[in-house]
Amino acid sequence: MLPQVEHELHKRRRSRNIGLLVVLLGFVALVFGLSVVKITQGDMMQGYDHRPRASMLPADPNPPARNSAPVAAPGTPAAEQGGAAEAGQ
């Protein structure tokens with residue numbers, strides 16, 4: 001049996017594939033490392049869902065005064081009862 005002689009094209013292809021493997025493994029290691037660092041920071045992580053959140057807003061230096069009586073939404077039975085009581089007085 002004759003020993004198989006590898007063609008130059010196969011050698012170049014193998015070296016390119018090994019180079020690509022190194023680049024991909026480096027990318028995977030980078031993403032994994034960033035993920036580990038972000039998870040181990042321990043900060044309260046919140047995803048961005050394209051909606052404003054009160055937890056992300058700065059505190060209001062002059063908050064409005066609290067109303068002692070709750071206000072019913074228009075069209076609810078509580079709002080209709082409040083309107084009828086005012087009309088009967």
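Is Glu-8 buried or exposed, and what relative accessibility does Glu-8 have? Glu-8 counts as exposed, at 53% relative accessibility, where exposed means over 50% relative accessible area, buried under 20% and partly exposed in between (1.4 Å probe, protein chains only). The model is a predicted one, in which local features need pLDDT of at least 70 and side-chain atom pairs count only at pLDDT 80 or more, while totals for chains, interfaces and linings use all residues. Residues are numbered from 1 along each chain as its sequence is written, and side-chain values use heavy atoms, with hydrogens and water left out.

The protein chain holds two helices and zero strands; helices (H or I, at least four residues) and strands (E, at least two) are DSSP runs, numbered from the N terminus. Of its 89 residues, 0% count as buried.

Back at Glu-8, its side chain meets that of Arg-12 in a salt bridge (3.9 Å, N to O), defined as a side-chain nitrogen of Lys or Arg within 4 Å of a carboxyl oxygen of Asp or Glu. By this rule the count is one salt bridge. Both Arg-12 and Glu-8 belong to helix H1, four residues apart, about one turn of the helix. Arg-12 is partly exposed, at 41% relative accessibility.

Helix H1 (residues 8-40) also includes Val-28, which is exposed with a relative accessible area of 51%. Together with Phe-27, Leu-30, Val-31 and Leu-34, Val-28 makes a nonpolar surface patch of about 500 Å².

Terms used: Patches are made of residues with over 30% relative accessible area and no salt bridge: like charges are joined within 9 Å, nonpolar side chains (Val, Leu, Ile, Met, Phe, Trp, Tyr) within 5 Å. Accessible areas come from the Shrake-Rupley method with a 1.4 Å probe; for residues, only the protein chains shown count as cover.
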